[in-house]
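Here is a friendly note to read alongside the model. Please keep the sequence and the 3D view open as you go through the points.

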Amino acid sequence: MNTPARGDRIECVLQAARVALNAFVLIAATLPLYLLAKQSVTPELETFAWPPHWMPHHLTLAHFISVFAVNELRSAVLRSLGVATISAVIATMLGAMLAHAMARSSFAQRVGFSSVSGIRLLPMIAVAIPLGIILASVGIYDTPSGIGLAIVHAALAIPTAALTLYASFVAIPLEIEEAAWIDGASPLRIFLTIDLPLARASIATALILCFILSWDEFGFALLVQQTNRTLPPLLYYYTVFGNVGPASALALLMMIPAVCVVVALGPSLRGALTAGSSR
Amino acid sequence: MADLVLRNLSRSFPSGGGVFDISITVQSGEFLVLLGPSGCGKTTLLRLIAGLEFPDSGEIQIGGVKEAANKTHRESIAMVFQNFALYPHMTLFQNIAFPLRLRHVAREETERRVKESAAKAGLTVDLKRFPRELSGGERQRVALARALVREPEIILMDEALASLDAQLRSSLRLELKEFQRRTGRTFVYVTHDQVEALALADRLVVMRKGRVEQVGGPQEIFDCPQSEFVAAFVGNPPMNVFLAEKASTSGSLTVDGVDFKIKPAEGSPAEIRVGIRPNDLSTEEGQGRGSIEVVVESVQFSGATYIVYAKLGKSPICAELPRRVEVGARLKLFFDTARVHLFDPSTGKRIEPA
C-alpha cells in the first residue's frame, strides 16, 4: 500500500519527467528558429566565427536589405503567392467533391482511399520528368505565371484536402441532404448550399494546409519553374552559393504566412485538425 | 387535392428486408398511419412514397398520374424526418424559406408564406434564431412549417414524435391531428407506437415483415384484429392469447380444462388460439358471460386502473381492473364471449366463432 509520502514522491518524479519532456520538445522546436533568426541579423564575417556565438555580437539588417534589393525576390514572392493560392483553391474544390463522394458511397470510399494513399506512396521524383514533358507539350512549362506548377501542386494537395474534409462530410447526417432533396434541391445545389457551409471550418483548414503545402514545395518547383522561380528554389540557390546571411533572412520571411495562419486561426485550426471535426 | 395510390409495390434489400407487394389507396385529406415493429418495412414504404427509394416493381400514382421510377424529386410531397433534419447553419426563417428559395419565389411573397406557415405550425419563437437554440418541440414545429410552406398535397412523417419526451409527445399529438384537420392535407405517418397510431389515424396500416397485415380504422383494428399478430401488437397491455382445445363433448373451447363457452365454426382446426384483451376481463358477473378462475401473482397500479398479472392454470394472464385485488387471491373473472378473438394457430388468421 502506498503511504502518502511515497505517493508524493512518485508524483514529484512524474512532474519532473513532464517538465523535462516539455523542455526537450520546446528546445527542439525553437532552437533551429533561433539560430536562423540569429544568422539573419549577424554580419557575414561573424557568421563563421569559431566557436560560434550564441548571441550575435554585432547586429545588421544588411541581409534583409540585400534580399529585398534583388529583383527576383519580388516576382518570386508574387509567384509563390499566386501558385499557392490557385493550387489551394483547385485542390480544396476537387478534394471536397472527392471527400463528399467518399462520405456518401462505399464504392467511392474504397476507390478514394486507395487512390489517395496511392498518390501518397508514389515516389514523386518518378513522375517529375514525365510531368515536365506533359507541361511543356501543353505550353505551360516554366511560365512567368507559374500556372503549370499550380496545377502540379493542386494534384499533390488533393489527397490532403480530401482527407481533411472527409470526416466533416461523414459527420453531416444523410437525413439533412435527403430533406433538401425532398424540398426540391438538385444534388449540386445540396452540395453547395448544405454540405459546403456545414463543412466550412474544415474547408478553411484544407485551404490553409494546401496553401502551405504549395508554399514550401521544393522538388517540383525546382524542376517545373527553372527560370521563373518560386521562393523555395530561390532560397536553395542562396544557400548553394554560400550566402548564409541572406538565405537565413529569406527563410525567415518565408515563414511569415505560416506564422500568420497559426496566430490568426490557432485555436480553430487546432480544433479542426484534431477533433475529427465532430460538430 | 390528390389521392395517393400504391400498386403492387415491392422493394427488397440484400439484407433481406424491404416491402413486398403493397397496394394501398390513400384518400386525399386522410391521416394514414403505418404501424409495425422496427424492421417491418414501414420506413422503406414511406421512403418509396417520398422518392428517396425506388421500387423494384409496382407503381405509385399521385392524383392519377404515375410517378417516375427514376430519381426525381416529387413536387406534391413534403416530409418531416425523425430528427427533423433542419439545416443547422440556417436561421429558422431560412430553414422554412429554403423550398421557396429553390423555386425563386419573390421576397415579399416568401416572407408572407414563411410567416403564414410558421403560424399554422404554432411556431411562436423569433425566426432569426438558429435550430440549435430551440427545444425539441419547437424544432418539430419548424420542420412542420418547412414541410407546409410550399403547400404540398401529401406530408410524410417518419417517427416524427419519437425523439421527444412523453408529455410533449402527447400534446404535440393532439396539435398534429388538429393541424391536419385545419390544413386538410393528406398525412402518411410512420410509427411503432400503437398508442400514437390509434390516437392519430383515420386509417391504420399494420405491417409485418414487409407485408400489410391489416388495413382499417383504429376501432376496427382494435376490435376486430384480422390476425394474431395485429391482436398482440395493438393494445396495451397486450392481448392475452392461449392455445385452446375443442372439448370432445360440447365442442366448445377449453384452455387447461377451463371452458370458454365458445364454439368455433364448423371445419376449424382442432386446436385454436383464443385471445382476450385485459380490459375485456372484469369481476362483474353478468348474463351469458363466460368466466374463468385465476390466481393473482402481482398487481401494478397504472393510474386509472390496476393491471393484474395472474395465472390461468399454467398460462399467464393479464387483466385490467378498476379495483385493487390481493396478491395470491383466487379471482373469478368474467368476459363477454363476443369480445373473444379466435385465431388459426398455423396461419395466425382470424376465425369467426359459430
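The points below go through chain A and then chain B.

1. **Before you start.** This is a predicted model, in which local features need pLDDT of at least 70 and side-chain atom pairs count only at pLDDT 80 or more, while totals for chains, interfaces and linings use all residues. Residues are numbered from 1 along each chain as its sequence is written, and chains are lettered from A and ligands numbered from 1 in the order in which they are written.

2. **The domains of chain A.** Chain A is assigned domain 1 (4-47) and domain 2 (68-274); such bounds come from an automatic or database domain assignment. Taken over C-alpha atoms, the centres of these two domains of chain A are separated by 33 Å. Seven residues from domain 1 of chain A and six residues from domain 2 of chain A make up the contact, where two residues count as in contact if their C-beta atoms, placed from the backbone, lie within 7 Å.

3. **A look at one side of that contact.** On the side of domain 1 of chain A that touches domain 2 of chain A, the elements giving two or more residues are helix 1 (4-41) and helix 2 (44-47) of chain A. Helices (H or I, at least four residues) and strands (E, at least two) are DSSP runs, numbered from the N terminus. Helix 1 of chain A gives the most to this side, with four residues. By class, this side of domain 1 of chain A has two nonpolar, four polar and one charged residues. Here Ala, Val, Leu, Ile, Met, Phe, Trp, Tyr, Cys and Pro count as nonpolar, Asp, Glu, Lys and Arg as charged, and the others, Gly among them, as polar.

4. Is A:Pro233 buried or exposed? A:Pro233 is buried, because 21 other C-beta atoms lie within 10 Å. The cut-offs are these: a residue is buried if 20 or more other C-beta atoms lie within 10 Å of its own, exposed if 12 or fewer, and partly exposed in between, with C-beta atoms placed from the backbone. A:Pro233 belongs to helix 12 (residues 231-240) of chain A. Apart from neighbours within four places in sequence, A:Pro233 is in contact with A:Phe218, A:Ala221, A:Leu222 and A:Gln225.

5. **A positive phi in a loop.** A:Asp142 is not a glycine, yet its phi is positive, at about 55°. You will find A:Asp142 in the loop between helix 6 (124-137) and helix 7 (147-171) of chain A. A:Asp142 counts as partly exposed, because it has 17 C-beta neighbours inside 10 Å.

6. **The domains of chain B.** Chain B is divided into domain 1 (4-229) and domain 2 (237-351), with C-alpha centres 38 Å apart. Five residues of domain 1 of chain B are in contact with eight residues of domain 2 of chain B. The side of domain 1 of chain B that touches domain 2 of chain B has two nonpolar, two polar and one charged residues.

7. **A four-stranded sheet.** In chain B, four strands form an open sheet in the order 2-1-4-5, with antiparallel pairing; strands pair if DSSP finds at least two bridges between them. Strand 2 (18-26) and strand 5 (65-66) of chain B stand at the edges with a single partner strand each, so one side of each has no neighbour in the sheet. Strand 1 (residues 4-12) of chain B is joined to strand 2 of chain B by six bridges, and B:Leu9 has B:Ile22 as its bridge partner in strand 2 of chain B. Strand 1 of chain B also holds B:Asn8, which has a positive phi of about 50° although it is not a glycine. B:Asn8 is exposed, because 12 other C-beta atoms lie within 10 Å.

8. **A cis peptide bond.** Which form does the peptide bond from B:Asn236 to B:Pro237 take? This bond is cis, with omega near -5°. B:Pro237 sits in the loop between helix 8 (228-233) and strand 11 of chain B.

9. **Hairpins to trace.** Strand 16 (residues 290-301) and strand 17 (residues 306-312) of chain B run antiparallel and are joined by six bridges. Their hairpin has four residues between the strands, and B:Gly303 takes a positive phi near 110°. Seven bridges then join strand 17 of chain B to strand 18 (residues 315-321) of chain B. This hairpin has two residues between its strands, with B:Gly313 in the turn at a positive phi of about 60°.
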